[in-house]
Amino acid sequence: MAARGLLLASFLLFSCFAETYGMISFSSLQRTLVVTASHRQGLLKGGEDKITVIWGLNQSFPAGTDSAYTTIGVKLCYAPISQVDRAWRKTDDRVSKDKTCQFKIVSRPYSNTNQTFEWTIERDVPTATYFVRAYAFNAEDLEVAYGQNTDAKKTTNLFEIQAITGRHMSLDIASVCFSALSVVALMGFVFAEKRKGRKAQQ
Amino acid sequence: MEVQGTVPETHPPKFTLQVDTEHKATEFRLFSMAAPHMRAFQLAWVSFFSCFVSTFAAPPLLPIIRDNLNLTSTDIGNAGIAAVSGAIFARLAMGTACDLFGPRFASASLILLTTPAVYFTSIASSPVSFLLVRFFTGFSIATFVSTQFWMSSMFSAPVVGTANGVAGGWGNLGGGATQLIMPLLFGLIRHTGADNFTAWRIAFFIPALFQTLSAFAVLIFGQDLPDGNFRGLQKSGDKPKDKFSLVFYHGIINYRGWILALTYGYCFGVELAVDNIIAEYFYDRFNLKLHTAGMIAASFGLANVISRPGGGIISDVVAKRFGMRGRLWTLWVVQTLGGVFCIILGQVGSLSASIAVMIAFSLFVQAACGLTFGVVPFISRRSLGVISGMAGGGGNVGAVLTQLIFFKGSKYSKETGITLMGVMIICCTLPICLIYFPQWGGMFCGPSAKQTEEDYYMSEWSSTEKEKGLHHASLKFADNSRNEKGRRVKAAALPTDESSPTQV
């Protein structure tokens with residue numbers, strides 16, 4: 001009896017230990033949140049267009065499912081097609097090592113009712129295909145549940161964002177001018193050297 | 001003492017440093033700016049450093065660039081290979097250009113013609129344009145050849161290894177320094193309010209400007225030879241103009257140049273390959289943060305501040321006692337040890353052991369680079385540039401081959417790749433045993449008693465050319481290189497070793 005108690009206690013301790021050390025696996029999380037993301041038609045532009053995210057608890061789950069939820073974090077995540085041949089965006093089942101969702105949309109305290117947020121796409125978001133996911137965090141700031149606007153295989157409701165180029169007319173002009181300056185200066189030096197050489201001969 | 005030969009001045013030029021009969025400096029004063037020798041050194045290493053900073057400016061900013069330009073791992077890998085492959089032929093061409101036009105113009109021209117590629121990096125907009133700018137920027141590290149040529153022209157045998165080693169090492173330093181400089185610049189520019197995707201573009205103007213200004217400095221303050229510039233000396237008749245085809249021919253028929261091209265690929269080439277993969281290796285294997293992995297990566301390149309010069313100095317010190325044979329043995333031992341540490345690096349599993357082994361590996365492999373260029377100046381006098389270019393180009397071939405065989409795709413894990421690279425280093429260093437100088441010997445054979453330094457260097461000139469007096473510089477060099485016999489042999493062989501150049 002005491003041995004079983006000890007075993008149970010150590011098992012619980014181990015799982016707490018594992019969870020505290022970030023070993024939460026995504027596949028262990030329940031999909032209890034419903035998330036939708038709406039936006040205008042066509043290619044969305046970074047820095048300009050907006051995405052409206054609505055999230056809330058899926059009412060078909062029993063009451064008390066959300067008792068541990070303290071905060072909701074909504075994130076912008078890469079769709080599989082934008083992860084191909086890009087190890088820095090890899091999906092990992094360990095949530096702390098997962099690189100799928102790299103952009104934070106909003107973080108809010110958990111509320112029982114449906115929440116809305118209108119997000120202007122930030123200027124450092126790269127060109128890629130995305131979906132939206134929301135994580136529910138408990139008081140220890142650990143993930144306990146999630147929801148996303150796409151299906152489990154991440155194939156539906158995806159949207160594309162086009163990044164800003166980061167280029168400016170002034171940069172373009174400066175590049176061309178400085179390049180031309182370098183080449184012209186070289187020709188000037190060559191000419192001057194030829195003249196000096198001719199003088200030495202005289 | 002009257003110097004026979006072609007010194008036309010009515011009064012001999014005064015030099016701050018001690019010089020030999022060719023007016024090459026026989027001493028090396030690191031913190032001096034004295035014209036022309038030490039000034040040439042300062043200009044050479046700074047301009048070469050700027051080229052390395054530009055060529056490896058993209059890797060530390062890749063996390064931003066890859067998102068801005070939508071790059072895949074394949075795109076990044078290809079751009080990395082492109083960055084070091086351009087210099088293969090550029091280094092050979094540079095060698096010839098130095099022989100024909102002088103190191104000052106050869107290096108400044110290359111630098112000024114490649115700065116547009118660095119400026120255009122700021123306006124790159126796709127994987128293809130990114131690859132192209134990295135490819136063309138990479139041409140600039142062919143200035144390695146002009147740096148070595150310039151040092152070999154300004155510094156005499158007793159200090160040429162040191163001069164080459166410090167100039168080469170402090171230039172290579174740029175590859176490490178840039179991993180710290182570029183993120184710093186990026187952070188500063190972002191602080192002023194620029195977007196990520198604009199800040200990195202602005203940051204590239206700094207290495208580009210640095211490169212442009214260093215080329216101007218080389219042209220304004222530098223001098224090709226202790227006695228003056230190529231063109232001036234050619235016009236006044238002091239430096240006969242040589243024919244490209246003959247310079248090229250005498251370079252490529254010398255088998256020693258080819259052997260050093262191969263072995264340099266397995267010290268310098270390996271160094272470049274490691275520069276490209278080491279940050280990722282530490283990041284993935286030990287799960288470090290990106291900036292921690294970057295700092296470790298930087299320390300590999302920063303070891304150049306002492307390791308490569310150390311190799312050059314050791315080459316000169318060993319040569320005082322054992323001559324050229326000592327230089328060859330030391331090169332073989334040091335480079336083979338580099339290979340051994342490389343094998344160990346792929347095998348160790350703990351972070352601290354890996355860092356320690358990596359540092360040992362970097363010290364030996366970079367010292368081997370310095371030791372290589374302690375031997376290169378002696379292989380040919382007429383075609384010094386072509387030989388320097390062959391060895392330098394061979395270095396880049398090694399970098400491309402190593403990355404293609406061991407570090408492209410997922411055939412080998414990085415650890416296995418590193419171990420196999422170590423095995424290849426050891427195998428490709430063995431050919432040093434085959435290098436033989438008739439007048440000085442090789443690793444396993446002593447010198448031939450009948451051959452002299454003059455015989456060796458005069459074999460590059462035909463009798464018609466000797467009649468025209470084109471060979472006098474080589475003659476002086478032959479005389480000045482006599483201490484490559486080593487102390488014991490020299491003391492036994494010659495009653496006096498001070499002599500003015502023999503009048504032909």
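Modeller: Between chain A and chain B an area of about 3,300 Å² is buried, and carbon and sulfur atoms give 63% of it, where buried area is the accessible area, taken with a 1.4 Å probe, that two parts lose on being put together, summed over both. This is a predicted model, in which local features need pLDDT of at least 70 and side-chain atom pairs count only at pLDDT 80 or more, while totals for chains, interfaces and linings use all residues. Residues are numbered from 1 along each chain as its sequence is written, chains are lettered from A and ligands numbered from 1 in the order in which they are written, and side-chain values use heavy atoms, with hydrogens and water left out.

On the side of chain A, 36 residues are in contact with 39 residues of chain B, contact meaning heavy atoms within 4.5 Å. The rule finds three salt bridges across this interface, a salt bridge being a side-chain nitrogen of Lys or Arg within 4 Å of a carboxyl oxygen of Asp or Glu. Arg89(A) and Asp67(B) are joined by a salt bridge of their side chains, with 2.9 Å from N to O. Over all chains, the structure holds 17 salt bridges. Another salt bridge, at 3.9 Å from N to O, links the side chains of Lys196(A) and Glu193(A); both residues lie in helix α2 of chain A (residues 169–201), three residues apart, about one turn of the helix. Helices here are DSSP runs of H or I with at least four residues, and strands are runs of E with at least two, numbered from the N terminus.

Chain A itself is divided into domain 1 (24–162) and domain 2 (167–193), with bounds that come from an automatic or database domain assignment, and the C-alpha centres of these two domains lie 48 Å apart. For chain B the assignment gives domain 1 (27–237) and domain 2 (242–486), whose centres, taken over C-alpha atoms, are separated by 20 Å. Their contact takes 42 residues from domain 1 of chain B and 49 residues from domain 2 of chain B. About 3,600 Å² is buried between these two domains of chain B, with carbon and sulfur atoms giving 68%, and the count of salt bridges between them is zero.

On a 1 Å grid over the protein atoms alone, a cavity is a set of points where a 1.4 Å probe fits but cannot get out, and lining residues have an atom within 4 Å of a point; grid points are joined across faces, edges and corners, and a volume is the space filled by probe spheres set on the points. The second largest cavity holds about 50 Å³ of space, and its lining includes Lys24(B), Phe155(B), Arg381(B) and Phe477(B). Because domain 1 (27–237) and domain 2 (242–486) of chain B both give residues to this lining, the second largest cavity lies between them.

The largest cavity has a volume of about 60 Å³, and among the residues that line it are Ser54(B), Val118(B), Arg134(B) and Phe204(B). Two or more lining residues each come from α1 (37–55), α4 (103–121) and α5 (127–138) of chain B, and the largest share, three residues, comes from α5(B).

Conventions. On a 1 Å grid over the protein atoms alone, a cavity is a set of points where a 1.4 Å probe fits but cannot get out, and a pocket is an open set with protein on both sides within 12 Å along at least five of seven lines; lining residues have an atom within 4 Å of a point.
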